[in-house]
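The sequence and structure come first.

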Amino acid sequence: MKKQTRLTLTATLAVTIGMATAGLAHATVTFGDGGASLQSILNNITKAPINNASGINVNTDQLSSDSYWQISGSGGSFAQIIIELAGNANTNTVGIYDATDPSKMITLFSGIESSGAQKLLTLGNDGSVIVNFTDTGIDFAGNAFGYFLNTGSTIFYSDKDLNADGIDHMVAFQGKGTDTIDLPATLPGVWSTNEYIMAWEDLPGGGDMDYNDFVLMTESVSPISMPDPSIQSIPEPSILALLGIGFLGLLGMPRIRNS
Ligand SMILES: [Ca+2]
Ligand SMILES: [Ca+2]
Ligand SMILES: [Ca+2]
Ligand SMILES: [Ca+2]
């Protein structure tokens, strides 16, 4: 290896490690296991009007918040597998879980399904999770869910805080309303802003970090931010303190402003 190359590599490594330790919001997508890179997959199916390549950069266009989602007003969301490039492609399943109870899981795509497979997800008035017009028998607490990838031995969640390895296994990209996108099972059309590509890494610890192991498109969904559960439950003393302030207010005590 030439000295120059080694120096560059060392510098790149240092930058990468620096970015990782700085807790950068996006995951670094690499070329990985010899299959098409995530960027080339996007370049093949999405075309910007001017340069005929994807208007999406897989590293810089990742959504900063992709842990939890809701179905938009129409009440239904189509999902379609774009590609699976992984040794686990025949066993990997993808689905959704209740944001308030991750143990409530619904599989959308089974292991035997591959590129072009489509599913329609709807949430009934009572929280019933309906897939392809069939009630799964599972009810969610509300219109808030995450996506999971189950390899058969490990489950990875869109909320990386639930992952045993603490690593972000899913990166998501939002349509910009300009690129044309051509999916395996449907005619080309504009990649609109309510459509998201979700790309998964299926190896524990992040593996090769190529995020092309399971790539799908979901539409009529939007990312939502969920409150941190540790903030939701107010400890008892705080409630008492708040009540105390209320009483003081009622008794006409002068208010101390804390601007
Ligand atoms: Ca499959
Ligand atoms: Ca993510
Ligand atoms: Ca991988
Ligand atoms: Ca792969």
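Trp-69, Phe-145, Tyr-147 and Tyr-196 form one aromatic cluster. The model is predicted, so local features need pLDDT of at least 70 and side-chain atom pairs count only at pLDDT 80 or more, while totals for chains, interfaces and linings use all residues. Residues are numbered from 1 along each chain as its sequence is written, chains are lettered from A and ligands numbered from 1 in the order in which they are written, and side-chain values use heavy atoms, with hydrogens and water left out.

The structure holds six aromatic pairs. Rings of Phe, Tyr and Trp (its six-membered ring) pair if their centres lie within 6.5 Å; planes under 30 degrees apart count as stacked, over 60 as edge-to-face and the rest as tilted. Two of the pairs are listed here.

| Pair | Centre distance | Plane angle | Class |
|---|---|---|---|
| Trp-69 and Tyr-147 | 6.1 Å | 85° | edge-to-face |
| Phe-109 and Phe-214 | 6.4 Å | 40° | tilted |

Trp-69 in strand 2 (residues 68–71) and Tyr-147 in strand 9 (residues 145–150) are 78 residues apart. Phe-109 lies in strand 5 (residues 101–109) and Phe-214 in strand 15 (residues 214–219), so this pair ties together parts 105 residues apart in sequence. Strands are DSSP runs (E, at least two residues), numbered from the N terminus.

Trp-69 and Tyr-147 are both buried, meaning under 20% relative accessible area (1.4 Å probe, protein chains only). Phe-109 is buried at 0%, and Phe-214 also has 0% relative accessibility.

Gly-111 and Glu-113 are buried.

Conventions: Buried means under 20% relative accessible area, exposed over 50%, partly exposed in between (1.4 Å probe, protein chains only). Helices (H or I, at least four residues) and strands (E, at least two) are DSSP runs, numbered from the N terminus.
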